Amino acid sequence: AHDRVGGIEHTAHVRAFGFAQLQLEAAPGAHTAHRRRCDGNDERLARIAEQQENLRARLTRDLTAAESAIATSQSTLDFIRQQFELSDS
């Protein structure tokens with residue numbers, strides 16, 4: 001029985017060593033794949049940053065245009081109110 005347990009333990013160690021060896025052999029390929037994913041992430045982050053900046057610029061332009069239109073409308077409203085006040089007098 002002791003020989004069987006020893007044989008099983010030996011087999012387990014040999015298999016574990018073989019598995020570890022396979023992992024070491026696969027490591028360079030895994031590193032390359034990981035590096036490609038990281039590079040892809042960097043490219044996506046750069047695109048997102050550019051899109052954010054474009055959106056920020058567009059929203060700033062739109063806000064400025066809206067504020068200008070509101071100011072013009074307010075000025076027109078003030079003028080019309082003055083005209084009504086003059087006609088009431």
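**A walk along helix α1**

Start by selecting Arg-56 and Glu-53: both sit in helix α1 (residues 2-88), three residues apart, which is about one turn of the helix. Helices here are DSSP runs of H or I with at least four residues, strands are E runs of at least two, and numbering goes from the N terminus.

Before you click on, note that this is a predicted model, where local features need pLDDT of at least 70 and side-chain atom pairs count only at pLDDT 80 or more, while totals for chains, interfaces and linings use all residues. Residues are numbered from 1 along each chain as its sequence is written, and side-chain values use heavy atoms, leaving out hydrogens and water.

Now show the side chains of Arg-56 and Glu-53: they meet in a salt bridge at 3.1 Å, N to O. The term means a side-chain nitrogen of Lys or Arg within 4 Å of a carboxyl oxygen of Asp or Glu. Arg-56 is partly exposed at 48% relative accessible area, and Glu-53 is too, at 43%. (Buried is under 20%, exposed is over 50%, and partly exposed is in between, with a 1.4 Å probe and protein chains only.)

Arg-58 is partly exposed at 39% relative accessibility, as is Asp-62 at 40%.

Last stop: Phe-79, which is in helix α1 and partly exposed, with a relative accessible area of 48%.
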